[in-house]
Amino acid sequence: MNNNNFGLTRSPSAILFGDGQRHALGRVTAHVGQRALICTDERLSISPLLEEMLQDLTRNGVAYRVFDGTQPELPSDGIETCVQEHRAFNPDVVIGLGGGSCLDMAKLVALSLSHGGSLEHYYGELKVPGPVLPVIAIPTTAGTGSEVTPVAVMADKKRDLKVGISSPYLIPHIALCDPELTVTCPPGLTALSGADALTHAIEAFTAVANPADPLLSQSRVFVGKNLLSDQHALTAIKAIFEYLPRAVENGADREARSQMMFGSLQAGLAFGVAGTAAAHAIQYPVGALTHTAHGLGVAALLPYVMRFNAETHLHAYVAIARAIGITTASPEQAVDELIHQTRQLLNRIGIPRTLADLGVQKSQLDWIAEQSLLSARLINNNPRRLELGDLQLLTRRAFHGHL
């Protein structure tokens, strides 16, 4: 556990969690604004669930427009299209309904409508100059935690890379988390979303623990491992380890669906302040090369990053092992068992074992290591120091499957 008594939690003004909470949308929205822009995707736009929500908005006096052009990985031109099409509507609240891309779309549309200009001006941390239009985030997957985080990720088509915008102003005003909305999520998406949440939680719990500077929370979005983020992270890890296989194998398992949405929410609260680390840094160039889903990439890398970091930071992984019920006496044996169980869990739900399985070529490994090093925030947040040689070692282990 974290011995530093510094703690930080940033969260929406309200989190509504539980089966059926979507039925509160109309009244909740009416307390925030009268003109709602809904950002979703084509599949959800023809769903009876959305029609119910629209009727609820109307009953509560809220006018609305629906943008259903959200694409996976959120290409930048889609955000621009949404803003151009709906600026004249002059929304005073933005609702994100869907997976992480839909929620991030809502955040970035709210940012663009509030402050204008190219989104390039806001890349990185703390570049958003002030509050944005209130966002109501309604996740339909259990993975990204975007409903409670201060970050939105998009694909910059000019750079052919994913980029992030991070600011406490991007935290949604309200998170409306209804596990019933995830019941129709297919097994493959359930698996990669849940594996993404597990990676968020483990990397948040094992992140760097920075000194308790009173100004740390005011000068950085992600402040590293701390007293409060640790509680969220461990809660998430326990829930995901127990319920992710059940949710993948039986989508109608309501308890598993509820616990996975709870785990994803807790992981979001953890990494939204603690940050993530090496698995995320390496995944960005891997994703750019292979065009594979973010959750698949970070989860495939996770066991190798855990092994690498545990060589110098055993205690953090021992705490995780104990939290999920591993009682092996020796700390080293406990961590070995933790990594073994993590690999077993990921295998069970169909996560690729190696970078080669993701489509990476051996000749690309050095480029991946070099590009990973450019993600300075993630690299510096890793508990074990990372130089180019370390990243080359990590990528080779992950390519060949050497734990």
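Visitor: Where does R384 lie in this predicted model?

Guide: R384 sits in the loop between α16 (376–380) and α17.

Visitor: What makes the approach of R384 to F308 a polar contact?

Guide: A polar atom of the R384 side chain lies 2.7 Å from the backbone oxygen of F308. The cut-off is a pair of N or O atoms within 3.5 Å, with one able to donate a hydrogen and the other to accept it. The value of 2.7 Å falls within that cut-off, so the pair counts as a polar contact.

Visitor: Which residues does R384 contact, leaving aside its neighbours within four places in sequence?

Guide: F308, N309, E311, T312 and H313.

Visitor: F308 is in α11. Which residues of α11 meet which residues of α17?

Guide: From α11 come L301, Y304, V305, R307 and F308. They meet D390, L393, L394, R397 and A398 in α17. By class, this contact has 7 nonpolar, no polar and 3 charged residues.

Visitor: How do you know what to call the angle between α4 and α5?

Guide: Compare the angle with the limits again. Helix α4 (residues 76–86) and helix α5 (residues 100–115) cross at roughly 55 degrees, and their axes come within 10 Å. Roughly parallel means under 35 degrees, and roughly perpendicular means 65 to 115. The α4 and α5 pair is therefore oblique. This crossing is right-handed.

Visitor: Which residues make that contact, and how do they divide by class?

Guide: G78, I79, C82 and V83 in α4 meet M105, L108, V109, S112 and L113 in α5. The division is 7 nonpolar, 2 polar and no charged residues.

Visitor: How many aromatic pairs does a search of the whole structure find?

Guide: The search finds 1.

Visitor: Why is the pair of F17 and F262 called what it is?

Guide: Two values decide. The ring centres of F17 and F262 are 6.1 Å apart, and the cut-off for a pair is within 6.5 Å. The ring planes stand at 75 degrees, and over 60 counts as edge-to-face. So the pair is edge-to-face.

Visitor: What does that pair tie together?

Guide: F17 lies in strand β1 (residues 14–17), and F262 in helix α9 (residues 254–274). The pair therefore ties together parts that are 245 residues apart in sequence.

Terms used:
Residues are numbered from 1 along each chain as its sequence is written. This is a predicted model: local features need pLDDT of at least 70, side-chain atom pairs count only at pLDDT 80 or more; totals for chains, interfaces and linings use all residues. Side-chain values use heavy atoms; hydrogens and water are left out. Contact means heavy atoms within 4.5 Å. Helices (H or I, at least four residues) and strands (E, at least two) are DSSP runs, numbered from the N terminus. Ala, Val, Leu, Ile, Met, Phe, Trp, Tyr, Cys and Pro count as nonpolar, Asp, Glu, Lys and Arg as charged, and the others, Gly among them, as polar. Rings of Phe, Tyr and Trp (its six-membered ring) pair if their centres lie within 6.5 Å; planes under 30 degrees apart count as stacked, over 60 as edge-to-face and the rest as tilted. Axes are lines fitted to C-alpha atoms, for helices over the stretch in contact, and angles run from 0 to 180 degrees between N-to-C directions. Angles under 35 degrees count as roughly parallel, over 145 as roughly antiparallel, 65 to 115 as roughly perpendicular and the rest as oblique. A crossing is left-handed if the near helix is turned anticlockwise from the far one by less than a right angle, and right-handed if clockwise.
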